Amino acid sequence: MGRVLIIGAGGVGTVVAHKVAQNADVFTDIMIASRTKSKCDDIVKAIGNPNIKTAQVDADNVDELVALFNDFKPEMVINVALPYQDLTIMEACLKAGVNYLDTANYEPKDEAHFEYSWQWAYHERFKEAGLTAILGCGFDPGVSGIYTAYAAKHYFDEIQYLDIVDCNAGNHHKAFATNFNPEINIREITQNGRYYENGQWVTTGPLEIHKDLTYPNIGPRDSYLLYHEELESLVKNFPTIKRARFWMTFGQEYLTHLRVIQNIGMARIDEIDYNGQKIVPLQFLKAVLPNPQDLGENYEGETSIGCRIRGLKDGKERTYYVYNNCSHEEAYKETGMQGVSYTTGVPAMIGAMMFFKGEWKRPGVNNVEEFNPDPFMEQLNKQGLPWHEVFDGNLEL
Ligand code: NDP
């Protein structure tokens, strides 16, 4: 019996629902709940399995969530709503005795601030309740941490340098669009950059550091140093790391639009008064930008996300690069969504599968790299995100 409740019916929620439905041996009872029920019903129609239940829920409201959990009685919730809802959903899980998984760390609505402390603070309560919480189980965070754990387990005595590299070489043929929730995406990219070096965090200006990196089957792409949440848990869980950084590619056209959006005040996340009505400019912008869920149809090209690692094995320095390339077209054919939603939703499903199979059951709040990476890596190959390895190549970093 695997009773699972998916919260969130956006791009990622759609992929999770498709993949959960494809693995009916593990997930026997499925419900999709979100703020807008019709979106959940559309997903069920697209999958074509009338046994999947749907419901309306406001995930900012703990009591509503508890009532839904007590009614459907899931064993695990896959939270693919927005990071703002992480704490209310965790709170409701504790009240109703439900295990928890998400793909992004909690963010307060009024501040673009990324850290795990709010969710790690739930550790003792989940442990005492005998419930497992799995944090950050998308691609990055998610597979990036599992790749690192796999490298540490099989190929290194000591990981010293870790660079997570995320390239989207796809083309959606829109002048400007984000690949996942625009509000969350723009908050992430416009903040200061940050990386870890010799026990300290070094802060840079937004997108200040960049360099060409070569991606398999894609070629060189300008890659920008960003702060990304998994850096925080990875340097804690792998204390031999001397330096950890995260890089993401952006095209010039995207960056120009982003600069204009910021310069004209549309990236603001504080409330302003407009003709007597309170609006948050970034939330208004989201309403007029293309919906990431609708990008899939004409999306060409692929993503390439991986970990480039340098460290010691048997006293000798070695390098290791592990990555996945994901085609937007293939992702769309399978789920109706583009590659960025696909690379997030597939690992979320596999994380839940690991829980239901008993591979990843550990009461408390856990980041993905704290679990055994092997069965997860095996499933990545089977579920549409195969990985490749390069040993002792030039990491360019
Ligand atoms: P979308 O905006 O497409 O979807 C979010 C969904 O959550 C929508 O269906 C929305 O409902 C629903 N929702 C929002 N607020 C509430 C609420 N209060 N109660 C109930 N439902 C709510 O986002 P994505 O699918 O692109 O992203 C989902 C998550 O995945 C985000 O947290 C994002 O940060 C994360 N992510 C993680 C990545 C990784 O690799 N780790 C990469 C990409 C994304 P409605 O339709 O009514 O607005």
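Around the ligand stand 28 residues, of which R35, T36, K39, A59 and N181 come nearest; a residue counts as near if one of its heavy atoms lies within 4 Å of the molecule. The model is predicted, so local features need pLDDT of at least 70 and side-chain atom pairs pLDDT 80 or more, while totals for chains, interfaces and linings use all residues. Residues are numbered from 1 along each chain as its sequence is written, and side-chain values use heavy atoms, with hydrogens and water left out.

**Ligand**

- By class, the shell around the ligand has 13 nonpolar, 10 polar and five charged residues. Here Ala, Val, Leu, Ile, Met, Phe, Trp, Tyr, Cys and Pro count as nonpolar, Asp, Glu, Lys and Arg as charged, and the others, Gly among them, as polar.
- The side chain of T36 has an N or O atom 2.5 Å from an oxygen atom of the ligand. A polar contact is a pair of N or O atoms within 3.5 Å.
- An oxygen atom of the ligand lies 3.0 Å from a backbone N or O atom of F139, and a nitrogen atom of the ligand is 3.1 Å from a polar backbone atom of P141.
- On its own the ligand has 930 Å² of accessible area, and the protein covers 93% of this (Shrake-Rupley method, 1.4 Å probe).

- Seven strands form an open, parallel sheet in the order 3-2-1-4-5-6-17. Strands (E, at least two residues) and helices (H or I, at least four) are DSSP runs, numbered from the N terminus.
- Strand 3 (53-56) and strand 17 (364-367) each have a single partner strand, so one side of each is left without a neighbour in the sheet.
- Strand 2 (residues 29-34) pairs with strand 3 in the parallel sense over four bridges; pairing requires at least two DSSP bridges. A33 stands opposite A55 in strand 3.
- Helix 2 (residues 37-47) packs on the sheet and touches strand 2 and strand 3, contact meaning heavy atoms within 4.5 Å. The direction of helix 2 makes about 165° with that of strand 3, on a scale from 0 to 180 degrees between N-to-C directions of lines fitted to C-alpha atoms.

**Loops**

- P141 lies in the loop between strand 6 (132-135) and helix 7 (143-154). A cis peptide bond joins D140 and P141, with omega about 10°.
- N217 is in the loop between strand 10 (210-215) and strand 11 (219-226). Phi of N217 is near 65°, a positive value in a residue other than glycine.

Methods
A polar contact is a pair of N or O atoms within 3.5 Å; within protein, one must be able to donate a hydrogen and the other to accept it, and residues adjacent in sequence count only if both atoms are side-chain atoms.
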